[in-house]
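Please walk through this structure step by step. Begin with one residue, then widen the view.

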Amino acid sequence: MKNPPTDINTDQAPSTLTAWTHRHRRPLGLTFAAAAAGMTGLWLVMVPAKAEQTSGLQEFAIRWGHPACWALLAAVGLLVAAGAPKRVRDGAAIAAAICYAAFIAGMVL
């Protein structure tokens, strides 16, 4: 009987879902990037009403935080499709989370 290939980092066979997503990373990444780009466009047009009631950094966070988050998530999808290193993908995802946190902070304050 043949042993399944193992992951170098864990010495365990990859799960079926992990193997499937790795094989289909390009179409999955491009699909995610297209959806996130659409959400970027949507949030560039739909600005929460609270942005009109604030000014300065809070207005900036409300007006641009959410679209920036989606734009960075679109970049993550493209990076996945391109097979970029995990560290680069993680950096873009963390930057998206920071933008979203700024948006939420602007909405709550």
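**A proline and its helix**

Leaving aside its neighbours within four places in sequence, proline 67 is in contact with Thr40, Trp43 and Leu44. Contact here means heavy atoms within 4.5 Å. Proline 67 lies in helix α4. Its relative accessibility is 3%, so it counts as buried.

A word on the source. This is a predicted model, in which local features need pLDDT of at least 70, side-chain atom pairs count only at pLDDT 80 or more, and totals for chains, interfaces and linings use all residues. Residues are numbered from 1 along each chain as its sequence is written, and side-chain values use heavy atoms, with hydrogens and water left out.

Now take the whole chain. The secondary structure comes to five helices and zero strands. Helices (H or I, at least four residues) and strands (E, at least two) are DSSP runs, numbered from the N terminus. Buried residues make up 21% of the 109 residues in the protein chain. Among contacts between residues at least 6 apart in sequence, 63% join residues at least 24 apart.

How far can the model be trusted? The mean pLDDT of the protein chain is 89, and 87% of its residues reach 70 or more. pLDDT is the predictor's confidence in each residue, from 0 to 100. Confidence is lowest in helix α1 (residues 16-23), at a mean of 87, and highest in α5, at 97. Where pLDDT is low, the predicted coordinates should not be read in detail.

Return to α4, which covers residues 56-82 and has 27 residues. From its first C-alpha to its last, α4 reaches 37 Å, close to the 39 Å expected at 1.5 Å a residue. That expected span is 1.5 Å times one less than the number of residues. Where does α4 kink? The kink, of about 40°, lies at tryptophan 64, shortly before proline 67. The bend at a residue is the angle between axes fitted to the seven residues ending there and the seven starting there. After α4 comes glycine 83, whose phi is positive, near 75°.

Which helices do the buried residues of α4 pack against? They pack against α2 (25-45), α3 (50-53) and α5 (86-108). Among the buried residues of α4 are Ala61, Gly65, His66 and Cys69. Histidine 66 has 10% relative accessibility, so it counts as buried. Leaving aside neighbours within four places in sequence, histidine 66 is in contact with Trp43, Ala61, Tyr100 and Phe103.

At 36% relative accessibility, tyrosine 100 counts as partly exposed. Beyond its neighbours within four places in sequence, tyrosine 100 is in contact with Gly65, His66 and Cys69. The C-alpha atoms of tyrosine 100 and glycine 65 are separated by 5.8 Å, although these residues are 35 apart along the chain.

Last, the cysteines. The structure holds zero disulfides, a disulfide being a pair of cysteine sulfur atoms within 2.5 Å. Cysteine 69 is in no disulfide; its nearest cysteine sulfur, that of cysteine 99, is 6.6 Å away. Cysteine 69 is buried, with a relative accessible area of 8%.

Terms used. Buried < 20%, exposed > 50% of the residue type's maximum accessible area, 1.4 Å probe, protein only.
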